[in-house]
Amino acid sequence: MKPTWQFGDVYGLDPELLSMVPRPVCAVLLLFPVTEKYEAFKQEEEEKLKGQQQVSPDIYFIKQTIGNACGTIGLIHAVANNQSHLEFESDSPLKKFIEQTVKMTPEERATFLEKDESIRVTHESSAQEGQSEAPSLDEKVNLHFIAFVNVGGQLYELDGRKPFPVVHGKTSEDTFLEDAVEVCKIFMARDPQEVRFTIIALSKDSY
């Protein structure tokens, strides 16, 4: 990607700290703990929403079939649903992957990703660059990344472990960060004893 848009930490959820996040924001990633409470909620939500939502055909959604790859899936969701905003390098493996999979089903995209060497190599080298030790693909990790995007004025939650995108109502370019944060607060309220939540925003670089 060209560095015209950058990921940055959201330090807190009150208006003052949200005002420090560069605008516009085109995607929000939430890292949260997968607890028994959350798994029970996920099951209930799936049954309740099945066939009840109007999901835009413009949404790019991919299932997660690779262990511990939720960060990469979250990035694909953030980027694939914001191609009109973002700029790619000419040899971008991510752009090539999105172009090759655009007409596929979420399941077919997942299978294609499993075989995509360029994304796998990029994922592994990026994971090793971080300050903390990266877990192996099959190690049990109970933290999970999901993405929030604005497509057609609707706020979508995209989670490769779920069977479909979740619609959270209307949003706009101006209110997107605040709207996504309201949904993040619901995740936090579900597990009030937990502190392992991280939010990052994909913002236009202001420098």
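Which residues does C70 touch, not counting residues up to four places away in sequence? They are Q64, L143, H144 and F145, where touching, or contact, means heavy atoms within 4.5 Å. Before we zoom in, here is how to read the views. This is a predicted model, in which local features need pLDDT of at least 70 and side-chain atom pairs count only at pLDDT 80 or more, while totals for chains, interfaces and linings use all residues. Residues are numbered from 1 along each chain as its sequence is written, and side-chain values use heavy atoms, with hydrogens and water left out.

View 1. UniProt, in an unreviewed entry, gives C70 and H144 the feature "active site"; its positions follow the numbering used here, feature names are shortened, and annotations may be inferred rather than shown by experiment. C70 sits in helix 3 (residues 70–80), and H144 belongs to strand 3. Helices (H or I, at least four residues) and strands (E, at least two) are DSSP runs, numbered from the N terminus.

**View 2. A closer look around H144.** Is H144 buried or exposed? With 4% relative accessibility, H144 is buried, and C70 is buried too, at 10%. Buried means under 20% relative accessible area, exposed over 50%, and partly exposed in between (1.4 Å probe, protein chains only). Leaving out residues up to four places away in sequence, H144 touches L30, L31, F32, V34, Q64, C70, D159 and R161.

View 3. Strands count as paired if DSSP finds at least two bridges between them.

**View 4. Strand 2 has a partner on each side.** Strand 2 (residues 25–33) pairs with strand 3 (residues 143–151) over seven antiparallel bridges, and six bridges join strand 2 to strand 6, again antiparallel. Pick out L30: its bridge partner in strand 6 is I199, and in strand 3 L30 stands opposite I146. A27 has V149 as its bridge partner in strand 3. Strand 2 is mostly covered, with nine of its nine residues buried.

View 5. A nonpolar core is a set of buried Ala, Val, Leu, Ile, Met, Phe, Trp, Tyr and Cys residues joined through side-chain atoms within 4.5 Å. The largest one has 28 residues, and I62, F97 and I98 touch the most other members. Helix 3 gives the most to this core, with five residues. Beyond its neighbours within four places in sequence, I98 is in contact with Y60, V79, A80, Q83 and F88. A second, separate core has 21 residues, including V10, V25, L177 and V183.
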